[in-house]
Amino acid sequence: MMKLKSVCLSVAAALSVALLGVSARADALITDFDNFTSDALYPSWSSATIVSGASSYSITATGYGSNYKYIGFPEITGAGYQDLELTVTLSGPPEADGHLGPIVGLIDGDGTHYNFAWYGQQLGQHVLTQNTESPTWVAAPGTTPGLDLNTLTHMHMQLDPGGFGTTGEYTIEWENLSLVNRVPEPASLALMVLAGGAGLVRLRKRR
Ligand SMILES: [Ca+2]
Ligand SMILES: [Ca+2]
């Protein structure tokens, strides 16, 4: 009986540690785009209408555009994070729907340049994710292969208008960019808690 009790307590303790572990591994923020500024803008963004807001950075332009932004300080400690997660809202005329493609290029301290692209998005808000080790394409391998998420120095935000081309204006509102880890689904977390609870209930009944 004592043995069962200690087993159940160990399981409960392990579950608590696992749950704490999940919550302790918070996202690594690259930028929340709050009062954001670009360090350089390239066509067509050099002539775009840009609104740097309290919670987002909005660009209204026609055709492909990109920027340059230094992100080397404060240092991002991103090693071990599985996914890049971008929150954006895309708007424009109905013809733009299904064509706009946000792209984020990340460059590390040894020159590795990975591009993460989400082509052909519908209008509206999106939370877009991509595995940090599986970029859409590698623009430069760098002296040490692989994107070192602990030495990120700068990034290029881009918008590829796809089939919408230069036929009209789009607005891309950048809201958040983070490195994240996939966590167990809320449903499976709930099951873990239930399983732990059931073990304790069973223990009480047998006492
Ligand atoms: Ca924000
Ligand atoms: Ca590298």
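Of the 207 residues in the protein chain, 22% count as buried, a residue being buried if 20 or more other C-beta atoms lie within 10 Å of its own, exposed if 12 or fewer, and partly exposed in between, with C-beta atoms placed from the backbone. This is a predicted model, in which local features need pLDDT of at least 70 and side-chain atom pairs count only at pLDDT 80 or more, while totals for chains, interfaces and linings use all residues. Residues are numbered from 1 along each chain as its sequence is written, and chains are lettered from A and ligands numbered from 1 in the order in which they are written.

The protein chain has two helices and twelve strands; helices (H or I, at least four residues) and strands (E, at least two) are DSSP runs, numbered from the N terminus. Along the sequence, these elements follow the pattern α-β-β-β-β-β-β-β-β-β-β-β-β-α. Two residues are in contact if their C-beta atoms, placed from the backbone, lie within 7 Å. Among the contacts in the protein chain with a separation of 6 or more, 76% come from residues 24 or more positions apart.

Next comes the interior. A nonpolar core is a set of buried Ala, Val, Leu, Ile, Met, Phe, Trp, Tyr and Cys residues joined through C-beta atoms within 7 Å. The largest such core has 31 residues, and those with the most contacts inside it are Leu-100, Val-104, Leu-106, Tyr-170, Ile-172 and Trp-174. Two or more residues are given to this core by each of strands S4 (57-61), S6 (83-91), S7 (101-107), S8 (113-117), S11 (154-160) and S12 (170-180). The most comes from S12, which gives five residues.

The strands can now be followed into a sheet. Strands of a sheet pair through backbone hydrogen bonds, either parallel or antiparallel. Here, two strands pair if DSSP finds at least two bridges between them. An open sheet of six strands has the order S2-S5-S11-S7-S8-S10, with antiparallel pairing. Strands S2 (40-42) and S10 (137-140) stand at the edges with a single partner strand each, so one side of each is left without a neighbour in the sheet. From one strand to the next, the twist averages 20°, where axes are lines fitted to C-alpha atoms, for helices over the stretch in contact, and angles run from 0 to 180 degrees between N-to-C directions.

Within this sheet, S7 and S11 run antiparallel and are joined by seven bridges, and Ile-103 stands opposite Gln-158 in S11. Strand S11 also holds Met-155, which counts as buried because 20 C-beta neighbours lie inside 10 Å. Not counting residues up to four places away in sequence, Met-155 touches Lys-69, Ile-71, Val-104, Gly-105, Leu-106 and Ile-107. The C-alpha atoms of Met-155 and Tyr-114 are separated by 9.5 Å, although these residues are 41 apart along the chain.

Strand S4 has its own set of partners. S3 and S4 form a hairpin with four residues between them; S3 (residues 49-52) runs antiparallel to S4, and four bridges join the two. In this pairing, Val-51 stands opposite Ser-58 in S4. S4 also pairs with S12 in the antiparallel sense over five bridges, with Ile-172 in S12 as the bridge partner of Ile-59. In a regular strand the side chains alternate between the two faces of the sheet.

A cis peptide bond joins Pro-43 and Ser-44, with omega about 0°, and Ser-44 is placed in the loop between S2 and S3. Another cis peptide bond joins Phe-73 and Pro-74, with omega about -5°; Pro-74 lies in the loop between S5 (65-70) and S6.

In the loop between S1 (28-31) and S2 lies Phe-33, which has a positive phi of about 60° although it is not a glycine. Asn-35 is placed in the loop between S1 and S2 and has a positive phi near 50°, in a residue other than glycine. Phe-33 is buried, with 21 other C-beta atoms within 10 Å, whereas Asn-35 is exposed, with 11 other C-beta atoms within 10 Å.
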